[in-house]
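Dear colleague,

Please find below the structure that I promised to hand over, together with its sequence. Once you have had a look at it, read on for an account of what was found in it.

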Amino acid sequence: MPAPAENLRIDPARLWDSLMEMAKIGPGIAGGNNRQTLTDADAEGRALFARWCEAAGLTLGVDEMGTMFAARPGTDPGALPVYVGSHLDTQPTGGKYDGVLGVLGALEVVRTMNDLGIQTRHPVVVTNWTNEEGARFAPAMLASGVFAGVHSLDYAYGRRDPEGKSFGEELVRIGWKGDEPVGARKMHAYYELHIEQGPILEAEGRDIGVVTHCQGLWWLEFTLTGRAAHTGSTPMGLRVNAGLAMARILEMVQRVAMDAQPGAVGGVGQVQFSPNSRNVLPGSVVFTVDIRSPDQAKLDAMRADIEAGAATICKALGVGMEVEAVGHFDPVTFAPELVEAVRGAAERLGYSHMDLISGAGHDACWAARVAPATMVMCPCVGGLSHNEAEEISQDWAAKATDVLLHAVLETADVVT
């Protein structure tokens, strides 16, 4: 397919204004956003996005998981669409760009096509996936997982948040349960734009990350059962201390991840004590171990070592242990032809670039199971993400969206 003309650029100010307007919905307490999935703020953000899509002449479809698909027609009625998108939901203390840049960057691509009167043989579909973050309803990338056949619809609807509310009930409550069967749509290709969420691009002074692979992941949820007892009057030798078991497991996870270097990470970001009182030893502790690697064998070996080590620790302390894998995807190799389209776009535009392996999971990981897929990344300040202080520059956002525009146009096959 012929490459788009080198002078094609998006409107940087319009993209930035859209990002700032969306950031007003579900504001955080420190400059970021709290727009968790299926909340009232999520519904408000979806409504704004839908209005923008309508204004751009796009036709909106919504599937039974609430994923939004805004289509710009192609000239060939039989040609499969090129899908472009990410997610609008955020972490509880999330930034203004994680996910959102990918959705609004995709919208900016079609706005630019409209401005310039560009037609493509393949339709282009701007996508907002439901519950990418997994902050409220685990696992992450839930809707794209159902789309790819990894999860069943019943499984997704039955997921519950910490307050016991189900995904299915909340989807209906906010009014965004669609009629389309999940996964019925077929893709010609899938592109996703995202901030790096790491420090490499900024440190290397590169404008664009050409994402070749994505790390695999296991989320292992441990439930440890001890005996709740007074911290002051219970002798040390008579305690069944689930908190102590957790502490030793956390240290063991660190050791396992360090022993698996290079190319492996592991840690714990969420812990729930019960009864969570200052002077009561916990009767139970629930926490999730997050391990990742681009190497399948290394990833699975880490899981086995952690589960075996945790069992040994708990047995020595008389603590009960259950473990459930609440999130998983294998390492992903993205489609070489789309990776080359991204790399070629960066080179034509004169933007510095480098190959990257994504350290985080994305909807593109599941989309890659059903269609050729890849990602474009831009730097973020200090590599900080999943934090209200997350920051990017307007220039970074514009350059990455320029690359997205060129790659999408090449794959969608420009007619005029």
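In this predicted model, 11 residues of domain 1 are in contact with 7 residues of domain 2. Domain 1 is made of two stretches of the chain, 12-212 and 332-415, while domain 2 covers 216-329. If you take the C-alpha centres of the two domains, you will find domain 1 and domain 2 lying 33 Å apart.

How much area is buried between domain 1 and domain 2? The value comes to about 690 Å², and carbon and sulfur atoms give 66% of it. On the side of domain 1 that touches domain 2, there are 8 nonpolar residues, alongside 2 polar and 1 charged. Between domain 1 and domain 2 the count of salt bridges is 0, and the count of residue pairs in polar contact is 1, with both residues at pLDDT 80 or more.

Let me turn to the salt bridges of the whole model.

Take Asp76 and Arg121, whose side chains meet in a salt bridge with an N to O distance of 2.9 Å. This pair links distant parts of the chain, since Asp76 sits in the loop between β2 (68-72) and β3 (82-86), whereas Arg121 sits in the loop between α3 and β4 (124-128), and the two are 45 residues apart. Are these two residues buried, exposed or partly exposed? Asp76 counts as partly exposed because its relative accessibility is 26%, and Arg121 is also partly exposed, because its relative accessible area is 30%.

Another salt bridge joins Arg343 and Asp355, the closest N and O atoms being 3.0 Å apart. Here too the pair links distant parts of the chain, with Arg343 in helix α10 (residues 336-349) and Asp355 in strand β14 (residues 353-358), 12 residues apart. Arg343 has a relative accessible area of 18% and is therefore buried, whereas Asp355, at 40% relative accessibility, counts as partly exposed. Elsewhere, salt bridges that share partners join Asp40, Arg136, Asp161, Glu170 and Arg173 into one network.

The remaining example involves Asp290, which you will find in strand β11 (residues 284-293). Asp290 forms a salt bridge with Arg292, in which the closest N and O atoms are 2.8 Å apart, and both Asp290 and Arg292 are buried. The side chain of Asp290 also makes a polar contact of 2.8 Å with the side chain of Trp219. Leaving aside residues up to four places away in sequence, Asp290 touches Leu217, Trp218 and Trp219, as well as Val265, Gly266 and Gly267.

Ser144 lies in helix α4 (residues 142-147), and with a relative accessible area of 2% Ser144 is buried. Which residue does the side chain of Ser144 join in a polar contact of 2.6 Å? The partner is the side chain of Asp363. When residues up to four places away in sequence are not counted, Ser144 touches Asp363 together with Trp129 and Trp366.

Val109 belongs to helix α3 (residues 100-116), and because its relative accessibility is 0%, Val109 counts as buried. Beyond the residues up to four places away in sequence, Val109 touches Thr401, Leu404, Leu405 and Val408.

Ile200 has its place in helix α7 (residues 200-204), and a relative accessible area of 38% makes Ile200 partly exposed. Apart from residues up to four places away in sequence, Ile200 touches Met354 and Leu356. Ile200 and Val182, on the other hand, are 18 residues apart in sequence, and their C-alpha atoms are 36 Å apart in space.

With kind regards

Terms used
Residues are numbered from 1 along each chain as its sequence is written. This is a predicted model: local features need pLDDT of at least 70, side-chain atom pairs count only at pLDDT 80 or more; totals for chains, interfaces and linings use all residues. Side-chain values use heavy atoms; hydrogens and water are left out. Domain bounds come from an automatic or database domain assignment. Contact means heavy atoms within 4.5 Å. Buried area is the accessible area (1.4 Å probe) that two parts lose on being put together, summed over both. A salt bridge is a side-chain nitrogen of Lys or Arg within 4 Å of a carboxyl oxygen of Asp or Glu. A polar contact is a pair of N or O atoms within 3.5 Å; within protein, one must be able to donate a hydrogen and the other to accept it, and residues adjacent in sequence count only if both atoms are side-chain atoms. Ala, Val, Leu, Ile, Met, Phe, Trp, Tyr, Cys and Pro count as nonpolar, Asp, Glu, Lys and Arg as charged, and the others, Gly among them, as polar. Helices (H or I, at least four residues) and strands (E, at least two) are DSSP runs, numbered from the N terminus. Buried means under 20% relative accessible area, exposed over 50%, partly exposed in between (1.4 Å probe, protein chains only).
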